[in-house]
Amino acid sequence: MAYDYENFKQDVYKLTDINLSLYKERQMKRRIESLIARKGHKDFESFFKAMKNDSELLRTFISYLTINVSEFYRNPAQWEYFEKQMIPYLEKNFGKRLNIWSAACSTGDEPYTIAMILSKYYPLSQIKITATDIDEDVLAFAKEGVYSAKSVSGLPKEFLSKHFRQDDNRYIINDDIKKCVDFKKHNLLKDRYPVNMHMIVCRNVVIYFTDEAKDDIYNKFYNSLVNEGILFIGNTEQIMHAKEIGFTSMDSFFYVKQ
């Protein structure tokens, strides 16, 4: 029997704990086929055998798989709403020491954005954000905190001047902001979720999963939040069964746990 995408998915799961069956198949299969061709392999079988024996190729595959697209202050209107509406709401309900989780944080742009916004209202010593991703390479990048001019181009100038130092075309985030964020490896499809979160931020990630996987993730987010906690999703996403799960929409991209 010929080795096909089903065999590949099974072998990848055994090797990496990443369940490709929970991703939208047509989209993910096409992405992987493109990578296979680019790396000079003829089919799924030869590519998988190469990955087993080449740790660098395996890391490239995982990084490619997790679709790391991120930038600081992405979709500014959402961050303005977060600052003007959500911060007062969170402080009113939970006080000034907030448990915030940036899930699937990619290269760290998002949790650092949260920290910089919060720093306008709270001492840095009170800001603690948990940031997670499945890709260890992007987590290492995020911990370094060195970004291109393009990555920070959308940031308000006050943040750029206050929280970064420039070295040629590189922008290096200040240590006091870096200390606000704790980066950890986490697989949304498999690992246990943190609890007692006041806010979870997971934007433009869940769109890549099957409907079944989405519902499972949103239910786990619900259980991860305290009552009245907030889930902040991306501008490309919508929670189809929000009421059934127990969420009420506060705004287009902000949901409260009831």
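Two strands pair if DSSP finds at least two bridges between them. Helices (H or I, at least four residues) and strands (E, at least two) are DSSP runs, numbered from the N terminus. Keep both in mind.

This is a predicted model, where local features need pLDDT of at least 70, side-chain atom pairs count only at pLDDT 80 or more, and totals for chains, interfaces and linings use all residues. Residues are numbered from 1 along each chain as its sequence is written, and side-chain values use heavy atoms, without hydrogens and water.

Start with strand β7, residues 197-202. Is β7 mostly covered or mostly open? Mostly covered: six of its six residues are buried, meaning under 20% relative accessible area with a 1.4 Å probe, protein chains only (exposed is over 50%, partly exposed in between).

Now its partners. Five parallel bridges join β7 to strand β8, residues 225-233. Three bridges, also parallel, link β7 with strand β1, residues 99-102. Look at Ile200 in β7. Trp101 stands opposite Ile200. In β8, the bridge partner of Ile200 is Leu231.

Between β7 and β8 comes helix α10, residues 211-224, and the three make a right-handed β-α-β unit. Right-handed means that, with the strands pointing away from the viewer, the path from the first strand over the helix to the second runs clockwise.

Next, another sheet. This one is open, with three strands in the order β3-β5-β4 and antiparallel pairing. β3 (146-148) and β4 (164-167) stand at the edges with a single partner strand each, so one side of each has no neighbour in the sheet. The twist averages 30° from one strand to the next; angles here run from 0 to 180 degrees between N-to-C directions, with axes fitted to C-alpha atoms. Four bridges join β4 to β5, residues 170-173.

On to helix α6, residues 109-118. 10 of its 10 residues are buried. Among them are Asp109, Tyr112 and Leu118.

How many cavities of 30 Å³ or more does a search of the whole structure find? One. A cavity is a set of points on a 1 Å grid, over the protein atoms alone, where a 1.4 Å probe fits but cannot get out; lining residues have an atom within 4 Å of a point. The largest cavity holds about 40 Å³ of space, counted as the space filled by probe spheres set on the points.

Notes: On a 1 Å grid over the protein atoms alone, a cavity is a set of points where a 1.4 Å probe fits but cannot get out, and a pocket is an open set with protein on both sides within 12 Å along at least five of seven lines; lining residues have an atom within 4 Å of a point.
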